[in-house]
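Here's a quick walk through a handful of residues and the contacts they make. Have the viewer open and follow along.

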Amino acid sequence: MKILHIDASSKFHQWSNSRALGRYFLQQLKSNGVEFEIDYLDVTEDVQPHVSAEFVQATYTPKEERTERMHEVLASSDAMCQRVMDADVLVCAMPMYNWTIPSTFKTFIDAITRTNVTYDLLPDGSTVGKLGDKKVLFITTRGADLRQGSPYSHMDAMTPVLKAAFAFIGVEAPQFVDAQPLQFTVAEAREAALVRAHNDLDQLAVQWATTMAKCNQPEMAV
């Protein structure tokens, strides 16, 4: 199994809760007997270009009609799409910045949302995502408490953006583990938030290990 492990925190590694939680989950998977290889991507270092007019023109031009310049414009996106398509699982760890996803993760989404690559545009104008075989986990960290019943719960623009963007390319049921609140609260609440997140990741690692073990069992001869 190949896991594309993505970090999107602008903090240094030792100060980032989202980076630490992502590493923790992979360690728990390994502890539960799941064998995998990692393709690691830090979108704060490997920053994808913003969408440009050239990019839009190139991506909607049939491949056989693209100019050399169009192929150059799409090269980094082509490579990123291939990395995503080669992975069985995406583990995406990121903080919430100003109520939504980091801008570097948005440019990653823009890079992998490609006509006739990660989704098909049909003659009637409808679309079909092509990444429905991918298992996707979002590990997020939030400064405020955005859980149901919190005064900030209506401010969560992160979850719907991630769900909509990945549903468009075929991922209908991504999983979420959200650590919150981690800043705008007292120390005890921050510690409790991290404990909850670790417990959720522990349970998820066991679930994934159990599911994968069942999938790998040989079929009985009849």
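Asp 7 sits in strand S1, which covers residues 2–7. Keep in mind that everything here comes from a predicted model. Is Asp 7 buried or exposed? With a relative accessibility of 2%, Asp 7 counts as buried, because the cut-off for that label is under 20% relative accessible area.

So what does the side chain of Asp 7 make a polar contact with? The partner is the side chain of Tyr 40, at 2.7 Å. Tyr 40 also turns up among the residues that Asp 7 touches beyond four places in sequence, along with Ser 18, Arg 19, Leu 41, Asp 42, Val 43, Thr 44 and Ala 93.

## Thr 113 in its loop

Further along, Thr 113 is found in the loop that runs between helix H4 (103–112) and strand S4 (119–121). Its relative accessible area is 25%, so Thr 113 gets the label partly exposed. The side chain of Thr 113 reaches back to the backbone oxygen of Ile 109, at 2.7 Å.

Setting aside neighbours up to four places away, Thr 113 contacts Thr 118, Tyr 119, Phe 168 and Ile 169. Take Ile 169: 56 residues separate it from Thr 113 along the chain, yet their C-alpha atoms are 6.8 Å apart.

## Salt bridges across the chain

How many salt bridges does a search of the whole structure find? The count is 13. One of them pairs Arg 83 with Asp 39, with 2.8 Å between the closest N and O atoms. Arg 83 belongs to helix H3 (residues 68–86) and Asp 39 to strand S2 (residues 37–42), so this pair ties together parts 44 residues apart in sequence. On accessibility, Arg 83 is partly exposed at 23% relative accessible area, while Asp 39 is buried at 17%.

Glu 54 and Arg 69 form another salt bridge, and here the closest N and O atoms are 2.9 Å apart.

Arg 142 is buried at 2% relative accessibility, whereas Asp 178 is partly exposed at 25%.

Which residues do salt bridges with shared partners join into one network? They are Asp 7, Arg 19 and Asp 42. That brings us back to strand S1, where Asp 7 lies, and to its contact list, which includes both Arg 19 and Asp 42.

## The annotated span

Finally, the record. An unreviewed UniProt entry places the feature "domain: Flavodoxin-like fold" at residues 1–203. In the model, that span is 39% helix and 18% strand, and its end C-alpha atoms lie 20 Å apart.

Definitions and conventions:
Residues numbered from 1 in each chain as written. Predicted model: local features only at pLDDT ≥ 70, side-chain atom pairs only at ≥ 80, totals over all residues. Heavy atoms only, no water. Helix = DSSP H or I, 4+ residues; strand = E, 2+ residues; numbered from the N terminus. Buried < 20%, exposed > 50% of the residue type's maximum accessible area, 1.4 Å probe, protein only. Polar contact = N/O pair within 3.5 Å; in protein donor to acceptor, adjacent residues only side chain to side chain. Contact = heavy atoms within 4.5 Å. Salt bridge = Lys/Arg side-chain N within 4 Å of Asp/Glu carboxyl O. UniProt positions renumbered as here; feature names shortened; annotations may be inferred.
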